[in-house]
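Colleague: I would like to go through how a few features of a model are read. Please give the general idea before each case.

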Amino acid sequence: MSTFVGVLVSDPWLQSQFTQVELRSLKSKYIVAQRQTGKLTVKDLPPLMLKLKGLKDETSADEIAATLSESYPDDSQEIEFEVFLKEYLNLQGKSAAKKGSSGAKNSSSFLKATTTTLLHHINESEKSSYVAHINSFLGEDAFLKKYLPMDPNSNDLFNLIRDGVLLCKLINVAVPGTIDERAINTKRVLNPWERNENHTLCLNSAKAIGCTVVNIGTQDLVEGRPHLILGLISQIIKIQLLADLNLKKTPQLVELMDDDNKDLEELMALAPDKMLLKWMNHHLKKAGYQKTVTNFSTDVKDGEAYAYLLKALAPEVSSESTIDVKDPSERAKMVIEQAEKLDCKRYLTPKDIVEGSPNLNLAFVAQIFQHRNGFTTDNKQIKITQASTPDDVVISREERSFRMWINSLGIATYVNSLFEDVKNGWVLLEVLDKVSPGCVKWKQASKPPIKMPFRKVENCNQVINIGRELNFSLVNLAGNDIVQGNKKLILAYLWQLMRFNILQLLKNLRCQSQGKEITDADILNWANSKVSSAGRSSQIESFKDKSIATGIFFLELLSAVESRVVNWKVVTKGEEEEDRKLNATYIISVARKLGCSVFLLPEDIMEVNQKMIMTLTASIMYYSLQKQQCSDTKSQSEERNLHKTPSCSSLDDASSLAESVSNLDLEDDATSRAPLESGDAGSTIEVTSNSTVDDATSNGKDATGE
């Protein structure tokens with residue numbers, strides 16, 4: 001039996017965006033176009049791209065050419081295959097965003113697809129603001145202080161980004177403790193492997209705190225691509241600035257309920273930027289401002305709303321003359337000067353206010369909130385809020401994990417509050433379609449906003465029916481339970497959905513024989529075998545084995561997968577609680593550094609949360625099998641692969657799981673894959689290119705849509 005040779009891509013993230021069927025199909029078309037002209041150049045791309053799924057009938061050759069010209073001024077420049085793949089994803093993301101813009105009102109703009117390559121224009125004001133922010137918060141960092149402060153008028157930012165340290169440190173400023181800094185490679189001169197590990201750690205950690213990193217890979221960071229870097233930094237800073245815009249951090253936000261009598265659950269479900277707008281309008285109304293601010297752009301560009309806001313919150317620094325000024329630029333200048341008296345950092349200039357820069361205006365308002373929120377300190381109200389806030393720690397942690405996982409998938413809707421956002425069923429249908437393409441009957445689904453309650457029930461009933469088709473255990477779970485927000489039942493459904501996704505990823509990566517499904521026991525056996533084969537002694541009996549709490553088993557597993565990734569000098573025995581926490585934090589960062597997208601917290605390891613332990617193990621297994629597959633195919637030519645009929649053999653002797661992929665030749669590539677979704681997330685758990693060959697063959701379309 002011959003060995004299956006896949007199409008190899010040097011960037012792991014880029015490889016993860018496509019199945020082998022898709023890659024072989026795209027490679028075939030690339031080779032054909034290349035042979036016609038001798039070499040494939042920028043000017044050859046528009047007609048070729050127009051034939052591909054996601055671009056066909058959605059854009060024009062002129063639009064594609066215009067987009068490409070921003071990155072490639074010389075249209076005679078030769079395009080390598082990996083660049084072709086990346087630009088295809090970029091164009092596909094732009095097309096999808098354009099197509100879906102009409103539905104943008106149904107999802108929060110906060111953190112939504114900011115790092116896709118929709119706009120290549122660099123906003124110099126934003127760059128200067130972000131540089132000032134980084135200089136301020138990281139200027140005293142032991143490693144970075146020799147490189148800071150950066151000059152906002154230079155390319156210092158993009159050059160310093162290249163080794164990956166800065167972004168990792170910035171993530172820890174936004175959400176302290178996200179990255180164990182012992183896992184960051186901080187030598188003065190990093191080799192390519194170490195640099196790539198830092199970028200991988202950064203991107204996986206960014207996803208874990210809620211950033212949308214669709215269509216950005218490690219190579220983009222190495223190359224210092226400005227529009228992508230600024231988009232990612234923007235999201236990280238927003239998360240930091242809006243961290244207190246929730247009832248847990250700021251219980252006094254309960255006072256906002258007086259405005260329109262929304263119940264507490266709805267208030268808690270607001271996105272951070274929406275909460276900030278609600279807070280702003282709450283005080284503007286008190287100050288006598290007659291308009292309602294609905295955005296941080298056109299509604300604030302005259303500066304009048306800011307003048308009223310400061311009048312309400314800080315009358316000692318504001319002036320009536322600010323409101324009376326006729327020139328918007330002059331008013332904006334006065335507003336900024338007044339805010340600085342409250343110690344607000346200068347995130348914008350008068351010009352940014354007048355031009356309506358949404359990101360910088362949001363940062364400005366967030367600064368005002370942090371320094372003067374204007375709430376009372378009524379302890380009774382605060383106690384009511386705290387008593388009404390969910391205090392079930394396990395449910396809260398699982399809600400966070402599933403929410404971050406869903407947002408990492410690259411679906412159209414950004415989830416801010418899991419239990420509220422899934423009530424209409426639409427988000428769950430989006431996730432199901434991503435995890436199991438084609439399973440949703442969209443003609444029978446209702447898209448938000450949904451006013452009729454029975455439409456929500458219909459959506460949720462379809463969610464339940466699809467779950468049954470996927471063999472989920474759904475005893476005592478009905479569509480109405482989701483509509484009613486039954487937390488335990490929603491979490492039970494989502495756990496099975498995440499588990500299904502993980503097992504499908506493993507099944508599709510490992511070519512199996514006889515159609516045998518991968519089980520939890522197979523993952524457990526693989527992990528024990530991997531550790532044993534490396535000469536280590538740790539073993540676990542199950543995913544709830546109490547010995548897992550020390551962290552030693554997972555550190556030995558990670559070391560077995562990649563020996564150089566664990567620094568044993570910083571590992572503790574895990575005997576005391578503090579030592580166990582240090583190990584658990586290190587495990588998560590090392591896993592992300594390898595390329596595993598995991599969404600658990602250190603407490604999940606310390607307390608041996610069976611579900612999260614299983615996902616962590618499966619993620620490491622997925623990475624290991626990917627690595628083994630790349631090793632097996634490294635010596636074989638991609639050209640040769642295009643002209644032979646592959647079959648599969650087992651990728652790992654640790655288990656007998658194997659399913660053959662047979663009877664696939666070059667012609668099959670053009671007719672064997674479900675349509676390629678734009679914006680598929682890029683590694684481990686959230687990679688959802690999971691159709692088997694049998695599934696794909698029955699669909700009748702490939703990545704080209706032909």
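Modeller: Helices (H or I, at least four residues) and strands (E, at least two) are DSSP runs, numbered from the N terminus. This is a predicted model, where local features need pLDDT of at least 70, side-chain atom pairs count only at pLDDT 80 or more, and totals for chains, interfaces and linings use all residues. Residues are numbered from 1 along each chain as its sequence is written, and side-chain values use heavy atoms, with hydrogens and water left out.

Colleague: Where is Phe599 placed?

Modeller: Phe599 sits in the loop between helix 28 (577-594) and helix 29 (602-606).

Colleague: Why does Phe599 count as buried?

Modeller: Buried means under 20% relative accessible area, exposed over 50%, partly exposed in between (1.4 Å probe, protein chains only). Phe599 counts as buried because its relative accessibility is 4%.

Colleague: Which side chain of opposite charge is nearest to Asp163?

Modeller: Lys and Arg count as positive and Asp and Glu as negative; His and the chain ends are not counted. A salt bridge is a side-chain nitrogen of Lys or Arg within 4 Å of a carboxyl oxygen of Asp or Glu. For Asp163, which is buried, the nearest such side chain is Arg195 at 8.3 Å, and Asp163 has no salt bridge. Asp163 lies in the loop between helix 7 (156-160) and helix 8 (165-174).

Colleague: Which residues does Asp163 touch?

Modeller: Contact means heavy atoms within 4.5 Å. Not counting residues up to four places away in sequence, Asp163 touches Phe143, Leu190, Arg195, Asn198 and His199.
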